[in-house]
Amino acid sequence: MEGAARDPAEALRARGGEKWLRYPADVLPSFVADMDFPAAPAVQRAIESVVEQQSYGYPWLDDPRTIAAAFTRHMDARFGWRVAPERVRPVTDVVQGIAACLMAFSERGEGVAIQTPAYPPFFVVVDACDRTLLENPLLDDGTRFRLDADGLRALVDERTRILLLCHPQNPTGRVLDEDELRAVAELAIERDLVIVSDEIHADLVYSGRTHIPVASLGDEVAARTVTLTSATKGFNLAGLRCAVAYFGSDELCGRFDRAMPAALLGQITHVSKDATLAAWESGREWLDELRELLERNRELVLARLAADLPQLRCYRPESTYLAWIDCGALPLDGRSPVEFFLTEAKVAFKGGPDFGDPGRQFVRLNFATTPEVLDRILDRMTTAVHRHAASIPA
């Protein structure tokens with residue numbers, strides 16, 4: 001991670017990409033889940049090797065160094081979870097994997113249950129596939145957000161087919177406990193549901209917490225669980241388009257293969273394949289350093305909010321590089337928090353109804369940036385809130 005802290009905002013903008021180009025140059029972006037750090041050296045070397053060799057043809061997907069084999073080793077090394085490489089299917093990204101699973105395991109109009117606030121593409125893909133969205137809001141217990149098992153049980157009906165999880169959870173940063181996961185698993189078994197578990201943030205779990213893959217809870221739950229993940233969040237490779245879908249049983253994998261022709265899924269590229277292999281096979285030391293850096297940034301956010309903006313409430317994220325900040329105590333005269341901070345602070349957040357109704361008074365702050373940029377974001381927030389408070393008649 002050496003050199004990341006010296007990367008100024010203008011240099012970041014010069015790198016291009018949606019995060020730094022969507023808004024005018026006077027706006028600091030903190031909305032999309034993209035990191036501002038240099039790539040892992042192993043990943044960069046792998047990409048440079050493809051360029052140097054001009055390897056732009058068809059990738060050899062039967063190469064012994066396959067994504068399936070690398071995924072298998074990575075799951076064992078990081079989580080002690082043994083998987084069968086023959087039940088791995090490469091996809092271009094996790095959202096594509098979700099859409100494919102909805103098409104394979106449900107019919108038009110049937111129900112897909114999610115926990116809200118939720119990753120915005122969940123809403124988009126359920127709607128695009130013409131499925132019925134069932135929202136089960138997380139419970140705020142005063143210290144963190146928890147899965148409402150009773151609410152989920154009451155929500156699921158005879159036309160529900162899929163439980164769609166984000167685990168670790170985006171935007172709240174929760175790492176679901178074993179009891180929460182077992183409640184989901186028991187319901188899925190009892191009601192004959194398929195669990196589609198987006199575990200893309202599993203590499204970014206902080207000290208004191210442990211990620212438990214849903215499908216690792218036992219053969220019965222594994223048999224109905226599709227695990228979707230990628231190196232793209234932990235290693236910031238989203239633009240390279242490579243993810244995997246892992247099916248917990250031969251029967252589930254066969255159902256998917258029969259319903260979803262491989263031609264509809266496309267292929268990963270030589271670059272995305274080699275970058276992912278490098279990340280999972282040679283990037284673990286870099287990933288550990290990254291988590292330490294992100295943990296320091298997380299504590300900076302929490303400390304600054306407590307000291308300068310006590311009106312705002314934020315539980316300590318247990319994973320991800322996203323802080324879910326409750327702005328409900330701010331008197332914003334009908335404006336959304338996202339609109340307020342964009343207009344008054346020139347900071348672009350993600351928030352509001354994009355995450356479902358429970359997100360209306362929240363913003364999601366991305367702290368995967370340099371401490372200097374992060375401090376500027378927090379400074380602008382503080383100035384805007386204090387200036388606004390001073391303008392309100394006593």
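I started with Ser230 and found the backbone oxygen of Cys242 2.7 Å from a polar atom of the Ser230 side chain. I count a polar contact as a pair of N or O atoms within 3.5 Å; within protein, one must be able to donate a hydrogen and the other to accept it, and residues adjacent in sequence count only if both atoms are side-chain atoms. The Ser230 side chain also reaches the backbone nitrogen of Thr232, at 3.0 Å.

A note on what I am reading: this is a predicted model, where local features need pLDDT of at least 70, side-chain atom pairs count only at pLDDT 80 or more, and totals for chains, interfaces and linings use all residues. Residues are numbered from 1 along each chain as its sequence is written, and side-chain values use heavy atoms, with hydrogens and water left out.

Where does Ser230 sit? I found Ser230 in the loop between strand 9 (225-229) and helix 10 (232-235); helices (H or I, at least four residues) and strands (E, at least two) are DSSP runs, numbered from the N terminus.

Is Ser230 buried or exposed? Ser230 is buried, at 3% relative accessibility (buried means under 20% relative accessible area, exposed over 50%, partly exposed in between, with a 1.4 Å probe and protein chains only). Leaving out residues up to four places away in sequence, I see Ser230 touching Val94, Ile200, Cys242, Ala243 and Trp280 (contact means heavy atoms within 4.5 Å).

Next I turned to aromatic rings. Rings of Phe, Tyr and Trp (its six-membered ring) pair if their centres lie within 6.5 Å; planes under 30 degrees apart count as stacked, over 60 as edge-to-face and the rest as tilted. I get 15 aromatic pairs by this rule. Phe71 and Trp81 are edge-to-face, because their planes stand at 85 degrees, with centres 6.5 Å apart. Phe71 belongs to helix 4 (residues 67-79), while Trp81 lies in the loop between helix 4 and strand 2 (88-91), 10 residues apart.

Phe71 also pairs with Tyr246, this time tilted, at 5.9 Å centre to centre and 40 degrees between the planes. Tyr246 is in strand 10 (residues 243-247), 175 residues from Phe71. Phe71 is buried at 0% relative accessible area, and Tyr246 is buried at 3%. Elsewhere on my list, ring pairs link Phe145, Tyr315, Trp324, Phe355 and Phe362 into a cluster.

Last, I looked at the whole protein: it has 16 helices and 14 strands, and buried residues make up 56% of its 394 residues.
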